[in-house]
Amino acid sequence: MNREGLFLSMAGEKLVLLERADVGKAIHRMAHEIVEKSAAPSDLVLIGIRSRGVHLARRLARKIEESSKLSLPLGVLDVTLYRDDRRQEQSAPAVSSFEAPVAVDDKTVILIDDVIFRGRTIRAAMEAVERLGRPKRILVAALIDRGARELPIRADIVGKNIETGDGQRVNVMLEESDGIDQVNITDWQRRGAS
Amino acid sequence: MRNVISIADLTNEEIEEIFSLADAADKLRNDRPASGQIMATLFYEPSTRTRLSFESAMQRLGGSVISCSDMRASSTAKGETIADTAKVVSSYADVLVVRHHWDGAVQAMAEHSGVPVINAGDGSHEHPTQTLCDLYTLRQEKGALKGLTVVVCGDLKNGRTIHSLVYALARFGANVVTLAANGMELPQYVIERLEREYDYAFAPVTSDDLSAAVTATDALYLAPKQPHQLALFTQVDEVIQARINSYASGLRYDAFYMTRKQKERMKNGANEGRYPTIGSEFLQEKRFQNTVVMHPLPRVDELSPEVDRDYRGIYFKQAAYGVPVRMALLKFLFDRRQEKRPEAKKSTAAYESPEAVGPQCRNSNCVTLKEPLSTCKRFEIYSIGQIGSLILGCVYCDHRFQVRFVGNVKTKRFYSYDNTLAETIREWLKTGELAIFDSLKQAEELGYEPYKSGSQRALMDEADIKRALTEISQQILHDCRDPDRLVILGVRTVGSHLAQRIAAEIETKRGRKPELGEIELYGSGDAIRRLPPADPDAAPLNLKDREVILVDDVIYTGRTVKNALSIIFRTGRPQSVRLAVLIDRGHREVPVKPNYAGKNIPSSEKDRVRVKLRGVDKEESDQVVIYSIITPNEKAKAPARANDLEAGK
């Protein structure tokens with residue numbers, strides 16, 4: 001996977017990174033990689049991080065189910081409550097933010113998000129998974145890896161690596177929520193369609 | 001003196017005795033047996049009915065009540081441990097009634113209290129008095145409990161009342177059908193316990209019968225093995241499924257026990273519509289005409305108000321029984337104040353770590369993790385080898401987990417657990433020589449050596465290590481945004497020594513020493529502290545907005561780093577955390593990755609890589625070695641006796 005540096009010449013310009021077909025191909029390849037990295041497909045548990053991570057998780061599950069003829073458990077995780085940058089962390093209610101919990105003991109858990117960037121969401125997600133049980137392994141799958149991590153966390157399965165500046169925003173748009181499959185980069189100030 | 005922490009603390013006969021006392025509650029009210037006695041209610045979590053019914057019960061018995069309206073705002077806020085609170089308050093009162101948000105907290109308080117303690121709910125663990133009320137209600141409405149079929153519905157995962165109730169129903173020989181909301185099924189350990197301790201069998205039931213309450217939800221049918229001859233089905237084939245279905249459709253449902261839909265656990269309406277509800281459809285169904293509906297209250301909308309007006313809706317009665325039952329329980333405990341607690345006959349053995357640190361409960365809400373100071377490191381050994389593993393249970397929260405590493409205190413050797421060791425381990429347990437570890441790392445930190453290892457090969461010598469650390473230090477400075485905000489944090493113990501060396505390198509380059517601390521994963525005190533020689537007056541390390549460099553010797557599965565990150569983020573919010581390790585040996589189980597690694601080496605899972613530093617554990621020089629660990633069972637057909645193991649050392 002080649003890492004591309006992207007520079008926007010003008011503020012507000014939108015740069016399309018992945019078109020519909022590219023998104024499809026990337027997901028297809030990621031599904032294969034997930035299967036390759038698991039001991040057995042029956043071992044897999046997918047957990048989507050709200051909200052686009054959940055759409056991705058569903059698509060990945062469908063792909064894997066087509067080839068393996070297995071029905072995969074799919075968990076839904078909302079990470080906002082676990083984010084460490086939430087103010088007044090002390091008073092945050094101790095509620096599980098799993099909307100759809102799944103059994104994870106001795107499983108290979110794939111945490112799925114649309115974009116991995118600072119690594120904070122994934123760290124928080126790992127903590128939430130730990131509350132459910134003790135998986136054999138936890139892997140991270142993301143459609144886009146923006147690099148620039150603030151924590152020592154890696155993405156194991158990546159659709160596309162890109163390097164962006166702090167002032168840029170990567171918008172992953174998926175049909176389920178945005179009516180279109182596309183990944184683009186916009187200037188942070190002028191927020192993208194998402 | 002007796003405590004009631006779990007419903008298991010009372011025998012069936014004792015429960016019957018309490019029920020007889022409750023039947024005669026009016027007499028108790030006249031006799032005022034608690035006259036001159038004081039009950040203290042300590043509620044760390046809000047509650048209306050449990051607390052009010054306890055207070056009412058005590059006053060009706062002629063006693064009086066002291067309480068603190070909000071424990072969180074009391075001395076707890078000043079940092080008093082629950083153990084101290086229990087000691088102090090037990091000198092003010094004759095009985096304590098406690099509710100706490102940590103699993104196992106009431107057990108911990110009972111260990112420090114001089115008077116009986118009653119659990120009014122501890123985290124998601126147990127709520128025995130609610131269970132007593134539920135059983136009493138069923139007995140009043142339906143007669144004997146044996147043979148009744150009770151459908152428990154809704155949130156079966158988080159509800160503490162449900163777990164207690166299911167165990168109690170099993171003890172009295174009732175059948176249980178579970179009807180869980182999606183994702184809120186009865187936890188596996190509850191089912192396992194029903195199978196093992198109560199000899200229950202279970203099978204999934206997809207039954208149209210329950211469609212009046214819920215659509216398309218699979219129910220689980222739990223029944224005592226004997227009366228119905230149901231085998232334990234691990235794999236349900238169609239024939240068996242059909243049999244169960246026909247059996248289930250012939251069931252007479254005596255009661256529906258609904259649980260509260262806990263809105264806070266179901267965000268954004270994700271599970272709306274899938275939560276079982278009881279309303280007009282249920283009431284019209286002929287087969288439910290003798291089925292009573294119970295609910296611990298408060299309810300949300302899972303019970304329609306129509307049920308209130310129906311003769312089957314008995315939940316207000318159920319709430320009213322709370323007072324006589326609690327009166328009876330208090331009287332029961334007062335009568336037994338002089339009695340020495342009969343040691344409950346347990347089929348399990350107790351384990352207390354002979355080392356300063358030992359295994360930790362895996363339940364993150366357990367009191368042993370939340371406030372280790374108030375607890376002792378005690379576990380029960382549930383099984384050695386019977387089901388292929390060594391299983392420990394936490395005495396506080398009942399959580400069970402598998403053990404992977406064991407050792408012998410005398411020989412200071414550790415072993416990876418294997419069933420061939422079962423016999424030996426039983427012996428060590430008897431002689432007090434058994435040490436149990438959470439990880440290999442923990443065993444090594446305590447000075448244990450592997451049972452047997454292959455020949456050692458050096459990977460790095462003194463000069464290599466020095467060079468690697470210099471390089472890492474340079475990179476750290478190069479990547480760092482603001483060197484003044486650096487904090488070097490070593491993972492105890494070898495990581496701490498490496499952190500010290502890195503800090504010294506940075507000092508030579510910058511002329512100023514970065515702040516230096518260590519993080520202790522298995523300790524019982526502060527997890528993060530400054531490393532000596534620190535100024536004793538220095539404020540505790542504050543990680544907020546700092547650039548933290550986490551230092552460890554070897555990264556392997558990555559779980560250590562993940563745990564360290566959890567501790568760091570619990571303490572404060574750093575601007576960033578980067579990871580420096582001397583050796584990266586692969587085999588990651590969690591998605592963490594070092595930013596700086598002195599050396600990457602391919603290794604097999606049987607290998608062990610150790611960083612030995614001068615001055616640590618009497619080492620005389622710095623070096624990194626690799627060797628393979630040989631477990632006893634790999635050697636010529638498993639020595640099963642302790643002597644053989646000793647001989648093999």
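Q: Let's start inside a sheet. Which residue stands opposite B:I381 in strand 13 of chain B?
A: Strands of a sheet pair through backbone hydrogen bonds, either parallel or antiparallel. In this predicted model, B:I381 faces B:L392 in strand 13 of chain B.

Q: In which sense do strand 12 and strand 13 of chain B pair, and over how many bridges?
A: Strand 12 of chain B and strand 13 (residues 390–394) of chain B are antiparallel partners, with five bridges.

Q: Which residue is the bridge partner of B:A349 in strand 12 of chain B?
A: That's B:I381 again. Strand 11 (residues 349–352) of chain B runs antiparallel to strand 12 (residues 378–384) of chain B, and four bridges join them.

Q: Now chain A. In what order do the three strands of the open sheet stand?
A: The order is 2-10-9, with antiparallel pairing. Strand 2 (15–18) and strand 9 (168–173) of chain A each have a single partner strand, so they stand at the edges and one side of each lacks a neighbour in the sheet. On average, neighbouring strands of this sheet are turned by 30° against each other, direction ignored.

Q: What joins strand 2 to strand 10 of chain A?
A: Three bridges do, and the two strands, the latter covering residues 182–187, run antiparallel. Look for A:L15, which stands opposite A:I185 in strand 10 of chain A.

Q: Zooming out, how many helices and strands are in chain B?
A: Chain B has 21 helices and 28 strands. Of its 649 residues, 46% are buried. Take the contacts in chain B between residues at least 6 apart in sequence: 72% of them join residues at least 24 apart.

Technical notes. Residues are numbered from 1 along each chain as its sequence is written. Chains are lettered from A and ligands numbered from 1 in the order in which they are written. This is a predicted model: local features need pLDDT of at least 70, side-chain atom pairs count only at pLDDT 80 or more; totals for chains, interfaces and linings use all residues. A residue is buried if 20 or more other C-beta atoms lie within 10 Å of its own, exposed if 12 or fewer, and partly exposed in between; C-beta atoms are placed from the backbone. Two residues are in contact if their C-beta atoms, placed from the backbone, lie within 7 Å. Two strands pair if DSSP finds at least two bridges between them. Axes are lines fitted to C-alpha atoms, for helices over the stretch in contact, and angles run from 0 to 180 degrees between N-to-C directions.
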